[in-house]
Amino acid sequence: MSAVPYLALISALAGLGLAGFYFKAVEAAPPGNARMVFLMEEIQKGAKAFLKKEYTWVSVFVVIMMILLAAVITPLASISYLLGASLSAAAGYAGMTVATMANARTTEAAKDGPGKALPIAFRGGAVMGFSVAGLALAGLMFTYLLFVVWIEADDAFEIVTAYGLGASSIALFSRVGGGIYTKAADVGADLLGKVEAGIPEDDPRNPATIADNVGDNVGDVAGMGADLFESYAGSIIAPISLTAFALGVASTDAGADGIISFLTFPMAIAFVGMIGSIIGSFMVKGGDSTDSKALSKALHMGTNVAMGITIVGTVGVAYWMFGDSDIFPENAPYGLALSVIGGLIVGWALGKTAEYYTSEHFAPVKKIAAQTETGPATTILSGISAGMVSVATSVVLILAGVGIAYWGGQVTLGSDTDFAGIYGIAVAAIGMLATTGVVVSVDAYGPIADNAGGIAEMAELDPSVREVTDALDSLGNTTAAVAKGFAVGSAALTALALFKSFEFAVQQDGGSLNLNIGEVDVFIGLFLGAGLPFLFAALTIDAVGRAAGAMIEEVRRQFREIPGLREGKEGVVPDSARCVQISTEASLKEMIIPGALAVVVPLVVGFIDVDALGGLLAGALVTGFALAIFMANAGGAWDNAKKYIEAGAHGGKGSDNHKAAVVGDTVGDPFKDTSGPAMNILLKVMTIVSLVFASAFV
């Protein structure tokens, strides 16, 4: 079992090798005519400029956290933190780089139909997927081997946990900053173009179009990549830290019988999931149909194969690590296998729930589209309703997953320990994200397809090309919602495991954690935590509103002051660079307060009262999970209702119904791409900050 971290490291390097293979495959595809290459390069320049500025700003926060960790915990924790932050940023940058290469190549391939275009878009997404999974797992395994196995450092497991905190820091700012950028540009482009000016989406006359396409890459690719990097790393760290703090494990104990099984089991699941993802990625092949059901089947084939391999591998790993020993009280390895498989299936079910509420093939989206007959107000109301109903379904699923995982842990490890059931829940989270490589590949495919459509429109290609890219893009909205289901579900389980680790860490350092809500300090913390996700959501939505307002005024100015622009006069081009600059400056300025909130609030409350901090984490976990699901699914439903109408339903493009749907989509944009996705990171950042600094609080 001591070989497991090395096996996981090798599988991570194999994932990175596959990312390199897919990068070369995308690079070899033709990018199209000179106009398409120009547009691709403009999007690349805007995305790289934004990420360079964003990482420069975030590096200041990273340095402050490193100093704090070195002073309060140990200087080695600051090194681990820096590694997590650096690899998370690198994964986002790598994914964004290839996504901005794959967009024009997907457009060019779309001339020959979806059978050629879908694989290129998927391979572009796969570079992101396997960069995220490979770098996250390789960095974590190196950190574990270095501090726990090779040098047996003091406070080794706090140092390993700091790796997750570094990943979380980058994820939070990337999701918030990228989300504000992309939605400010998207809202501005939609409202000024489709509603006010009456011109098509991605029309080259619209100055905000390039900024909108840049935003797809910095928000939905780089931001999403950092988000899933953090989720994946956090899901592996949670059971490791739980074992260490619950059982009082030092690095010198890591090789002991029994303990090594607890520590390396999540790594073994990650290894199996990586192998499954690598094999599954080769199963994605395009067909000749633009029907979204056929495209969906082709795209999800990779995920389904990866899940099947992971399920079989998990059973084998559980029997290998827990089946032939008299150390464990009950000695029934199928229990932990069931915990992991239950997590995987619940994650898949959460994704399918998201698909039901956000796909145009099902009743919720069709109902929203029908409500456009009576204007934007009823359109918005029906979207809110769909999002809220989806929360109820998701809560039932996550509770079923928690119950199964808790029971599974107790079956294998014995029902007389508090640790056993929570360990089952912790490994269920890694079950949800074991196939991260292929899940992120499918998710990152979406913005590439969206960009491909934008380039087709701006390059004024034959309408048949746009028909293919629109079919790919519509599916991309659903795949994004599915990936968010995995991410939010794992966030709930990971945050619960980290919360329990925090409780054990407080006890280990001589303190105690009281969660009796009859105590005033716990009650205060509970309400603070319940309100915090709402404040966070409000700050990010306001930020999008302000940035979009500046974008709208700039587009109006250009239409007003540049003669012939609105009419499409030959040789007249918009000042797209100014719109890119507005989105960049606004998003970077606006991300500071929401991003800092997640770190500062638990630190302040923790140093005042640990019991209040416990209440805060509990309150934030419950409301944050519900808000994340509500916002992601409501936003996705509004977006696809708009696309359903654009495909010809209820009057089609340009009708009053279409304008009402655009208003609904505009409301949903910051829901699904800014506030909602950042919510799960908020939960884990607060919990992991509390865990890392637990000894300082006590």
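## Second largest pocket

In this predicted model, three helices, α2 (34-72), α6 (209-247) and α16 (576-590), each supply at least two residues of the lining of the second largest pocket, and the largest share, 6 residues, comes from α2. Helices here are DSSP runs of H or I with at least four residues, numbered from the N terminus. A pocket is an open set of points on a 1 Å grid over the protein atoms alone, with protein on both sides within 12 Å along at least five of seven lines, and its lining residues have an atom within 4 Å of a point.

The volume of the second largest pocket is about 510 Å³, where a volume is the space filled by probe spheres set on the points, with grid points joined across faces, edges and corners. Of the 26 residues that line this pocket, R35, P204, V573, P574 and S576 are the closest to its centre. The lining divides into 11 nonpolar, 6 polar and 9 charged residues, with Ala, Val, Leu, Ile, Met, Phe, Trp, Tyr, Cys and Pro counted as nonpolar, Asp, Glu, Lys and Arg as charged, and the others, Gly among them, as polar.

## Basis of the model

Residues are numbered from 1 along each chain as its sequence is written. Because the model is predicted, local features need pLDDT of at least 70 and side-chain atom pairs count only at pLDDT 80 or more, while totals for chains, interfaces and linings use all residues; side-chain values use heavy atoms, with hydrogens and water left out.

## Cavities

A search of the whole structure finds 4 cavities of 30 Å³ or more, a cavity being a set of grid points where a 1.4 Å probe fits but cannot get out. The second largest cavity holds about 60 Å³ of space and is lined by 10 residues, of which A354, K484, G485, I629 and N633 lie nearest its centre.

At least two residues of this lining come from each of α9 (334-358), α14 (463-508) and α18 (610-646), and α14 gives the largest share, 4 residues. By class, the lining of the second largest cavity has 6 nonpolar, 3 polar and 1 charged residues.

## Oblique helix pairs

Helix α11 (residues 376-413) and helix α12 (residues 418-433) pack with their axes 7 Å apart and at an angle of about 125°, the axes being lines fitted to C-alpha atoms over the stretch in contact and the angles running from 0 to 180 degrees between N-to-C directions. The two helices are therefore oblique to each other, since angles under 35 degrees count as roughly parallel, over 145 as roughly antiparallel, 65 to 115 as roughly perpendicular and the rest as oblique. The contact (heavy atoms within 4.5 Å) includes I398, V402 and A405 of α11 and F419, A420 and G421 of α12, and its residues divide into 12 nonpolar, 4 polar and no charged.

The axes of helix α15 (residues 520-561) and helix α19 (residues 656-692) come within 10 Å and cross at roughly 140°, and α15 and α19 are therefore oblique to each other. Among the residues that make this contact are L532, P533 and F536 of α15 and P670, F671 and T674 of α19; by class, the contact has 12 nonpolar, 3 polar and no charged residues.

Helix α3 (residues 75-110) and helix α4 (residues 114-150) have axes that come within 8 Å and cross at roughly 170°, which makes α3 roughly antiparallel to α4. The contact of α3 with α4 has 19 nonpolar, 8 polar and 2 charged residues.
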